[in-house]
Each structure stands twice: as structure tokens, then as C-alpha cells.
Amino acid sequence: MNSVKSIAESPDLNHIPSIYAYSVNSTEPPASDTQDEIPTVDFSLLTSADPDLRSKTIQELDMACKDWGFFRVINHGVPEALMHMVIEKSAEFFDLREDEKKEFEEKGVLDPIRYGTSFNSKKDEILYWRDFLKVIIHPDFHYPNKPSGFREVLMEYSKRTREVVKGLLSGISTSLGLDQSYVQKALKLESGLQIFAANLYPPCPQPELAMGLPPHSDHGLLTLLINNGVGGLQIKHKGKWVNVNNDLPNSFLVNIADQLQIFSNGKYKSVEHRAIVNNVVTRLSVAVANGPSLDVVVEPAYKLVTEERCVPGYIPMKYKEYLEMQQSNKIVGKTCLDRVRYEK
Ligand SMILES: O=C(O)CCC(=O)C(=O)O
Ligand SMILES: [Fe+2]
């Protein structure tokens, strides 16, 4: 494999290899800066002893999930130093020599440790300007044995982020009108799949011609994102691409993913997002994808479709099958979700 990092570091690189040339849909207006603010959820208030404050926060969470599908989470309890270490250790991983990283090169989509490039390099017709490391960190914990200290950081980050996800999903359970632990039980979160993904976007000599990550939605329930302070993420909001600013340090950017759209019967929608590149600095992001247990058949929550007397909009499918379908196909936006949607 040819990493983007090694291409970007080649001397006198002043244009990208043609396989990286991405054609943007020319009918689409360019991304704009958001007029409205991405909503912020104060995690500590979700468990406040004051019932009014708690229900107000759950209402805010509900609005954030409905209107945006993307929100920032503050006061989440994950130490800032740990978040910095995660970025630092991920950068150290990409800084290993190519022959050291080769040991982790991807083989199959459910390989516990996968170092790779682009999005799905076996299917992509053009390549994307990013290298990645994906590690399954729950229910079984895996870790690359390099760089030193990565194991401890990953293990602690897995534990701490799962606490945040558990709290958010209890809130979401309530905001959907279900018992607080409904989502957790129905989707067997105790053995839920958690994937750590570090994305590296080296400086690109022709950033307007390349793309870091194509428009996609994530496959799980909730994704927790952090980065090294360099912007580049864009999300689709009300049909338009908007830039996400990095103006709230020590927060997580959380997004709704496909399995939550299915489970909520479309009440909460997974959101398309993409990553653009720049010609100045390396951008590094870390996404932690949190999903149901791999063996759970995911479908619209029974209680939602019966009590609200609505028709289920999605075909039941085992999460493992959904994941394999998503990871082994060429992705265009949210086409995987369309495959489990009942014809309307
Ligand atoms: O780089 C980013 O900010 C987004 C990463 C992402 O969307 C992903 O890993 O699924
Ligand atoms: Fe994503």
C-alpha cells in the first residue's frame, strides 16, 4: 500500500497523482460557515439530581438529534489530558516507519487492527487523501503493540468513552419515549462493538482537487469525534454542506449513525459528513464508533412502532451483516441505509 503520508512527504511534490483527483458535484453550492450554531449538550446535567434540569437537558438532546444529528458534548468527564494523549499516540503511530506499520495492514473488514488508506481502497475508483488506523476495542480489546504506551491510552479511552455513550443513550432512550435502559438492553450495549479510528490527512498540494473522506454516514449508533485542532470536517445540514468550527476545546463532537436511525424508526437521522484537506498542516482526527452488539438484529424499536402505531420503515438486519455490507461496498452517501429501508 502507498500511504498518503509517504506521498505527501515526497520531495518537490507539487501536484497530486491523478488517482486522487475528486470531482465535486458541480451543481452543489460550496460549503458555507454555519449561521446557526451546532447544539451543545451538557452531559453532567443528564444525570442531574434536579428533575427539571434533567428533563430540560433531555429535551435539548432530543432537539439536537432531530434538527442536526450532530452535537457537541461538554462536561463529559473524560480527562482533557487523556484526549490529548489519544491524539498524540495516534500521531506517533502514523510516524512509525512504513515497514513497521505494514504489519497492521488491513486484510478483512472485521480484522481487529487495520492500517490502511483511502476509504475502501479495494473498491474506491479514486483514492481519498487520508491514512487510517482502525482498532476494535470492545467487546474484545485489541491494540497495536506500537508505539509504546498506546495500549494503556486506548484502554482508558475505551472505558471512558463508553461511559459517555451509555449516558447519552440513556438520555436518547428517554427522549424517544422509552425506558431509560431500553436502548441499552435491546441492543446489548454491554457487549457493544466499539471501533477506534484515527484518521491522518497530510498536507495536500492541491487541496481543492482532493478529498479526505467522501460523504458518508457512520454505521453504528453514536460516533464520538475529536481532532488535533485543525478544521476540515463538513456536515450536511438542511441539504447544504457546512463547515464545522473547532471552537470548543475539550468537547466531543457526537453524531447519530445508521443503527440509531433504524432503531428510532427514522426519528433521529444519521448525518452525512465528509472531510476536506488543506495544503498547510496535517490534520488528525479520532473517531470512536459505538454500535450495538454484533449479533443483535437491529430494527425499529418494537415499543415505538406499536405504541405510536406507525409502520416500521426498515428491514431487520443483524448489525454484523450491515457492517460487512457497508465496509465492503463503494460508499455513496447513505446508500447502505437505503438497502434496509422498506419501499415507501
Ligand atoms: O476527520 C473527521 O473529522 C471525520 C472522520 C470520520 O467521519 C470517520 O472516521 O468516520
Ligand atoms: Fe464518519
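Helices (H or I, at least four residues) and strands (E, at least two) are DSSP runs, numbered from the N terminus.

**Figure 1. Overall view of the predicted protein chain.** This is a predicted model, in which local features need pLDDT of at least 70, side-chain atom pairs count only at pLDDT 80 or more, and totals for chains, interfaces and linings use all residues. Residues are numbered from 1 along each chain as its sequence is written, while chains are lettered from A and ligands numbered from 1 in the order in which they are written. The protein chain holds 11 helices and 15 strands. Its C-alpha trace spans about 65 × 45 × 40 Å along the principal axes. A compact globule of 344 residues would have a radius of gyration near 20 Å (taken over C-alpha atoms; the rule is 2.2 Å times the number of residues to the power 0.38), so the 20 Å of the protein chain agrees. Mean pLDDT, the predictor's confidence in each residue from 0 to 100, is 93 for the protein chain, and 97% of its residues reach 70 or more. The model has an ipTM of 0.99 and a pTM of 0.96.

**Figure 2. Residues around ligand 1.** The shell consists of Ala-197, Asn-199, Leu-213, Asp-218, Leu-225, Asn-227, Leu-233, His-273, Ala-275, Ser-285 and Ala-287; a residue is near a molecule if its C-beta atom, placed from the backbone, lies within 6 Å of it. Two or more residues each come from β6 (194-201), β8 (222-227), β12 (273-275) and β13 (283-290). By class, the shell has 6 nonpolar, 4 polar and 1 charged residues (Ala, Val, Leu, Ile, Met, Phe, Trp, Tyr, Cys and Pro count as nonpolar, Asp, Glu, Lys and Arg as charged, and the others, Gly among them, as polar).

**Figure 3. Crossing of helices α3 and α6.** The axes of α3 (residues 51-67) and α6 (residues 150-175) come within 9 Å and cross at roughly 85°; axes are lines fitted to C-alpha atoms, for helices over the stretch in contact, and angles run from 0 to 180 degrees between N-to-C directions. Helix α3 is therefore roughly perpendicular to α6 (65 to 115 degrees; under 35 is roughly parallel, over 145 roughly antiparallel and the rest oblique). Ile-58, Leu-61, Asp-62 and Cys-65 of α3 meet Gly-171, Ile-172, Thr-174 and Ser-175 of α6, contact being C-beta atoms, placed from the backbone, within 7 Å. This contact has 4 nonpolar, 3 polar and 1 charged residues.

Figure 4. Another cis peptide bond, with omega about -10°, joins Lys-146 and Pro-147.

How values were computed:
Two residues are in contact if their C-beta atoms, placed from the backbone, lie within 7 Å.
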